Amino acid sequence: MRGAALQGPGLARAPPAAVPLHPRPRRAGFGGHHHHRGAPLRSDLLLLLQQPTAVPLRARSPPSSSASSNVNPDTGEGADELLDDLLQEHGEVVYSAGGAGSLASEADEDAECLSLAVSLAKVASEVKAADIRVLFVKPIVYWTEFFIILTAFSNAQIEAISSKMRDIGEQQFSRVASGDTKPNSWTLLDFGDVVVHIFLPPQREFYNLEEFYGNATTIELPFETQLQ
Amino acid sequence: MCIRVIGAAGNQRYARIGDVIVAVIKDALPQMPLERSEVIRAVIVRTCKEFKCEDGIIIRYDDNAAVIIDQKGNPKGTRVFGAIAEELRELNFTKIVSLAPETLFIFSFI
C-alpha cells in the first residue's frame, strides 16, 4: 500500500501535474523534528514524491512523521536521487528552521573531532604504538565519528598510551574519557565523538574491527611516514 | 540459564539490560569453543520485559539476549547479532556497541 496514506487508502498514483510544491527542508540526519502545516501541503508533497518512484513505499503508521519517513530507507539511493531532482526542479523552501546554521556548526564540530583524533594518534605514535588507523565512521555509525585502532605490546605501554591520551583530551580539548581504567587485552577509551581501541596483537586479529568497519574511510596521518 | 546477577542488591530479583550475570550454558551447538554446563559471565543486551530509560522512553524487544564476556569484560566472541541499545555505552560496554551491526537510536522517530 502507498506510504503514509494521510488521506486514507484511496490515495492512488496521481499524475505529476503542475502541482505547486512546497517541500520541507530535507531532514538533517536522525531525530529531525518537522513542523506540519496542515493537510493540503503534505498531500502535495506526497503526490509529487510518490509518482516517479516505481518502487512501492511501505506504509508507515504515525502520520505525523510521514513527511520525513516517506522515503523508504530500503529503496536507497535511487529514491534519493529522484527526490533531489524533483526538489531542484520544483522546490521552494517555505520555512527553514535555521538549516544553514546547523550545517556550518556541524562542520566545525567535525573539524574539532578530526583534530582530536589526529592529536591522539600522534600521541600514540610517540609511545611507539604499532599500526595506527583512524577510521571515519560517521556515515556508518551514528553514535560516534572517529575510531582509532592501534596495537600495543605490553600492559605498561597500554597504560602509558591511555594516560597520555587522557591528558591530551583533558588539557587541549577539555574532554574526559570514559572506558577502561585498567589495561586490558582490549582497552577502550571513549571520548564521545572519538573512540580509541587499544589491542594486544593476538586480540587485534581475533576481533578484526577493520574488517567489520571496512566501509569506513581511513584518514591519512601525516606522521606515519616519518615513523617508517 | 542465569544463576546470579552481579552487583545486585539483596532484594533485586531480576537482571535488566546492562547487568552482568553469572550463567550456565544449557544448550550449545557442536564444535563451539563453549560447551554445555560451563559457567560463564554475560551482559544482558535485550529483554522482552520493557526497559525504562530515565527520560521516560520505554523500549521492549522480542527476545532475550546476552553477550558472553570474560572476567575482564571483553566479549568472548568476535561479533554480536541483533540490535543493541545505546544505553550500554553509558554502562561502559562500548566494546559490545562497537561490535553491533545495528544500534538503536532511541531519541528519534517519535
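A salt bridge is taken here as a side-chain nitrogen of Lys or Arg lying within 4 Å of a carboxyl oxygen of Asp or Glu. In this predicted model, that rule gives 13 salt bridges over all chains. One of them joins the side chains of Asp131(A) and Arg204(A), with an N to O distance of 3.6 Å. The two partners come from distant parts of the chain, 73 residues apart: Asp131(A) belongs to strand 1 (residues 130-136) of chain A, and Arg204(A) to helix 6 of chain A. Asp131(A) is partly exposed, its relative accessible area being 40%, whereas Arg204(A) is buried, at 7% relative accessibility. Arg204(A) counts as buried because its value falls under the 20% limit for that class.

A further salt bridge in chain A is formed by the side chains of Asp193(A) and Arg175(A), at 3.3 Å from N to O. This pair also links distant parts of the chain, 18 residues apart, with Asp193(A) in the loop between strand 4 and strand 5 of chain A and Arg175(A) in the loop between helix 5 (155-172) and strand 3 of chain A. Asp193(A) is partly exposed, with a relative accessible area of 25%; Arg175(A), at 15%, is buried.

In chain B, Glu50(B) and Arg60(B) form a salt bridge in which the closest N and O atoms are 3.4 Å apart. Both residues are in loops, Glu50(B) between strand 3 (39-46) and strand 4 (51-52) of chain B, and Arg60(B) between strand 5 (58-59) and strand 6 (65-69) of chain B; ten residues separate these distant parts of the chain. Glu50(B) is partly exposed at 28% relative accessibility, while Arg60(B) is exposed, with a relative accessible area of 58%. Returning to chain A, salt bridges with shared partners connect Asp131(A), Arg133(A), Arg204(A) and Glu210(A) in one network.

The contact between the chains involves 24 residues from chain A and 22 residues from chain B. Together, chain A and chain B bury about 2000 Å², of which 55% is on carbon and sulfur atoms. Two salt bridges are found across this interface. One of these pairs Arg89(B) with Asp190(A), their closest N and O atoms lying 2.9 Å apart. Between chain A and chain B, 13 residue pairs are in polar contact. On the side of chain A that touches chain B, at least two residues each are supplied by strand 3 (178-179), strand 4 (186-190), strand 5 (194-199), helix 6 (201-207) and helix 7 (209-212) of chain A. The residues of this side comprise twelve nonpolar, nine polar and three charged.

How values were computed
Residues numbered from 1 in each chain as written. Chains lettered and ligands numbered in written order. Predicted model: local features only at pLDDT ≥ 70, side-chain atom pairs only at ≥ 80, totals over all residues. Heavy atoms only, no water. Contact = heavy atoms within 4.5 Å. Buried area = accessible area lost by both parts, 1.4 Å probe. Polar contact = N/O pair within 3.5 Å; in protein donor to acceptor, adjacent residues only side chain to side chain. Helix = DSSP H or I, 4+ residues; strand = E, 2+ residues; numbered from the N terminus. Nonpolar A, V, L, I, M, F, W, Y, C, P; charged D, E, K, R; others polar. Buried < 20%, exposed > 50% of the residue type's maximum accessible area, 1.4 Å probe, protein only.
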